[in-house]
Amino acid sequence: MSTRIAFLKGHGTENDFVIIPDPENVIDLPPAAVAALCDRRAGIGGDGLLHVVRSATHPEAEEMAAEAEWFMDYRNGDGSVAEMCGNGVRVFAHYLHRAGHVAEGDIAVATRGGVKPVHIAKDGDVTVGMGKARLPEGEVTVSVGERSWPARNVNMGNPHAVAFVDDLAHAGDLFTPPPFAPASVYPDGVNVEFVVDRGPRHVALRVHERGSGETRSCGTGACAVAVATARRDAADPAVTGTPATYTVDVPGGRLVITEHPDGEIEMTGPAVIVAEGEIDAEWLGGALR
């Protein structure tokens, strides 16, 4: 390994990421290395890490290489692997454009949640086709302290529990995962969204992302919230035949989510690169000891 490893830092509505460009997939990034890089005091700091590799070079993405040249090998801030990250895809696409790998317009990005269509607009906003939501049957409850709420189970390629509350402060500190029941519903943990209304087709959320704690934004979470809210509002596009668009405020900004009658969901929002530099490989090696 070289003594220096290139990195960038970016965010999408303040959901922030360490970006490691590695087209040929030669950099070893074990969970401990990812956690060290994402550490906000001893490392670079981030909610997660975007490992940028060509699909053909990664065993989990080889079969998608014909559809998408680039694979977003996404890791949570604790080093664990995640299926998908909506804000991460926007930042990933923005990086590809900034680096000259892709042009403005339509591209495809491979993820563990499948190939995602992406549109890079001239104004800098990025729209991601997030696929269709699945809504598993069964009752779910989430709790904070002595309060409990029914939650809607929504899967966006990763699991979500969406609870409507009277006040976002009721979500507590969100440092630790809110308890949920029954435990069998989410055997690998869950992202939990607490939601309040702000106006017609306008909601706000706070979220605990599994593996990261409370984050400033969660793209798949915003999509899950829009889907759950549309069902609550009797605005299911598959029933009404009309797209349902919701403005979703997150602590770090604003996302616009549209669900179409065929179930396909689009998310639009900003993506920003704030810095680039080099990681000292000696420091990283020391962090792993």
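Which residues does D249 touch, not counting residues up to four places away in sequence? They are R198, H202, V203, A204, L205 and R254, where contact means heavy atoms within 4.5 Å. This is a predicted model, in which local features need pLDDT of at least 70 and side-chain atom pairs count only at pLDDT 80 or more, while totals for chains, interfaces and linings use all residues. Residues are numbered from 1 along each chain as its sequence is written, and side-chain values use heavy atoms, with hydrogens and water left out.

- D249 belongs to strand β15, residues 244–250; strands (E, at least two residues) and helices (H or I, at least four) are DSSP runs, numbered from the N terminus.
- D249 counts as buried because its relative accessibility is 15%; buried means under 20% relative accessible area, exposed over 50%, and partly exposed in between, with a 1.4 Å probe and protein chains only.
- The side chains of D249 and H202 make a polar contact at 2.8 Å. A polar contact is a pair of N or O atoms within 3.5 Å; within protein, one must be able to donate a hydrogen and the other to accept it, and residues adjacent in sequence count only if both atoms are side-chain atoms.

- Strand β1 (residues 4–12) pairs with strand β18 (residues 272–280) in the antiparallel sense over eight bridges; two strands pair if DSSP finds at least two bridges between them.
- In this pairing, F7 stands opposite G277 of β18.
- β1 also pairs in the antiparallel sense with strand β2 (residues 15–21), over five bridges, and G10 stands opposite F17 in β2.
- Two residues lie between β1 and β2 in their hairpin, and T13 in the turn has a positive phi of about 45°.

**Helix α2**
- Helix α2 (residues 86–98) has 13 residues and reaches 19 Å from its first C-alpha to its last, close to the 18 Å expected; the expected span is 1.5 Å times one less than the number of residues.
- Of the 13 residues in α2, 10 are buried, including V89 and A93.

**Nonpolar cores**
- V118 and I257 touch the most other members of the largest nonpolar core, which has 53 residues. A nonpolar core is a set of buried Ala, Val, Leu, Ile, Met, Phe, Trp, Tyr and Cys residues joined through side-chain atoms within 4.5 Å.
- Helix α3 (residues 219–232) gives the most to this core, with eight residues.
- Apart from this core lies another, of 17 residues, among them V142, V165, V190 and A204.
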